[in-house]
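Open your viewer and keep the selection panel handy. We will go from one stop to the next, looking around at each.

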Amino acid sequence: MKRTEILKQIKQSAEIDLLVIGGGATGCGIAFDAVSRGLSVVLVEQNDFAEGTSGRSSKLIHGGVRYLEMAVKQLDRDQYHLVKEGLHERFYFLRNAPHLCHPLPLISPLYKWWQLPQIWIGLKLYDFLSGQHSLGPSGYATFATTVAEFPLLQRSGLKGGIRYYDGQFNDSRMALELALSAAKRGALVANHLAAVDLQKNGDKLVGAVLEDRLTLERFELSAKAVVNATGPFGDQLRTLDQPNSVPMLTTSSGCHIVLDESYPPPQAGLLITETEDDRVLFVLPWMGRCLVGTTDQEAGLNEHPQVAQKDIDYLLRHLQKVLDPPPTADNITASWSGLRPLVHDPKAHDSSRILRDFVIEESVSGLFTIVGGKWTSYRRMAEKLVDRVVASRRFSVAACQTETLAVHGAENWHPNGWQTLVDAFSLSEATARYLHASYGCYATEVARLAAQDLSAQLADSTPCIEAEVLYACRSELAERAIDVLVRRLPLALLDNDLAKQAAPRVLDLMSAEKGWDAQRCAAEKQLLEKRLSVAL
Ligand SMILES: Cc1cc2nc3c(=O)[nH]c(=O)nc-3n(C[C@H](O)[C@H](O)[C@H](O)COP(=O)(O)OP(=O)(O)OC[C@H]3O[C@@H](n4cnc5c(N)ncnc54)[C@H](O)[C@@H]3O)c2cc1C
């Protein structure tokens, strides 16, 4: 359905069951869960789906080895249960969205023999907690195996490594696919639609005022329940609801960088366990590049947080100790920063120590706020939140379905399906594999568009093709050129220069498809220049 038609239907809606505000992992997961139980649902996102934190993560599906370390060192049961639950959710994540996810081996390098028992025991405990959902046994990797799987590792003093397994996924597309999964079941989902005010009847919350950020038109929507899933912005909406509410959130920023092709993607990710601030760092293979992250700095609210030079310096300083040759700023092709929505803990000395769990609150007026958590646990968070809403509003609906529901694109997906794209549409193997892993079973629709003279690459040495731009406009609610270049396709997150190279063609295709006038084209071009000239 086109956005104009979706907005028309939202405006014409009588009182709906559930309004979800926020189109990140949490909000999209909730919309999918709620509509699949039989509730009438509207999901609104003020920017694009996953334009906030959910499109700026490390893209790992994990229980969290670091949280396990903290659980053991501090004998912390909450951390322990959080890891266990995360590992359980990892299984559903990989099973229900296999096109966007895969298991990933990771290596923790050993430079001192005495580290071996400590790391080995920790990772064996991680295996144990994974239980029947283990992705493979962790264990010692010899020097030869370690450098074979991670050839970039500095070899001086290296003894070997410890290998373990987690999952990796495409975060922006996962949020989008969850929104599309909800839409497919009847939810009305709209991006660039902000909740700018809440509506009350006496003390009771009865809906919200929504603003179309593309036209600035405002209208009201009535709902039996309203969910605040605005991530780092959670306290803003809570204040709109209850002006004297005590803040629940602390935000900290995390930055990632991507290295150029002189650092080819290794077979395994690298877990660096010794950092200046006693955290961990990852160097991960990601879409043909090396992704490095992350940092943890207290930070203020910002819809588009900027990467600080000190974050880049921090990452490079650590990389220079473990990679050979040591990278410099010239090797960075893209960087971005995201805000962690952390539940405030007055006892935590620094933000990296705050428990990554989530909290659900129902205010006196009836606003449900859900904050905290992590991407990996989006499904469980949604289940708990919808359970709470259903109980509170006495909705008579089915129980949670999402443990077994395939996410949009995963229906009838087969790992070797890319071969059909090569055979039936004569696509190159690289493009076929990429489309198959991005769009799942809908890759055939993109390939059909490609067959209409739209199979040209959007930039050098990338599998991304022109047909994807039209598909994003027609079937994936892409409204702005930047939505396409950053989130429907991974171009700008991988390489700013490649995104700049693709930008003119993306603008041409979108303006022809959407019938943009000269003024809109100029505005789109300006936005692209602004966003692509700085770290995202
Ligand atoms: C650097 C970093 C790395 C991470 N890595 C991982 C990882 O590898 N694995 C993992 O499991 N987790 C990871 N996380 C955690 C995970 O990314 C977050 O927990 C998760 O994405 C939060 O999702 P969310 O939907 O709550 O917030 P968001 O993604 O921020 O979504 C909230 C949305 O609400 C919208 N919004 C705000 N106000 C309004 C309004 N008034 N009207 C409409 N919309 C509004 C915002 O635009 C935003 O899109 C990482 C986090 C960070 C910062």
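Start by selecting strands β4 (residues 101–110) and β6 (residues 160–169): they pair in the antiparallel sense over 10 bridges. Here strands (E, at least two residues) and helices (H or I, at least four) are DSSP runs numbered from the N terminus, and two strands pair if DSSP finds at least two bridges between them. Click S108 and you will find I162 of β6 opposite.

A word on what you are viewing: this is a predicted model, in which local features need pLDDT of at least 70, side-chain atom pairs count only at pLDDT 80 or more, and totals for chains, interfaces and linings use all residues. Residues are numbered from 1 along each chain as its sequence is written.

Because 7 of the 10 residues of β4 are buried, the strand is largely enclosed by the rest of the structure. Buried means that 20 or more other C-beta atoms, placed from the backbone, lie within 10 Å of a residue's own.

Next, select the ligand. Its shell holds 39 residues, and the closest include G22, G52 and G254; a residue is near if its C-beta atom, placed from the backbone, lies within 6 Å. β16 (332–343) gives the most to this shell, with 4 residues.

Finish at C464, in the loop between α13 (443–450) and α14 (467–475). C464 counts as buried because it has 25 C-beta neighbours inside 10 Å.

Note on methods: Buried ≥ 20, exposed ≤ 12 C-beta atoms within 10 Å, placed from the backbone.
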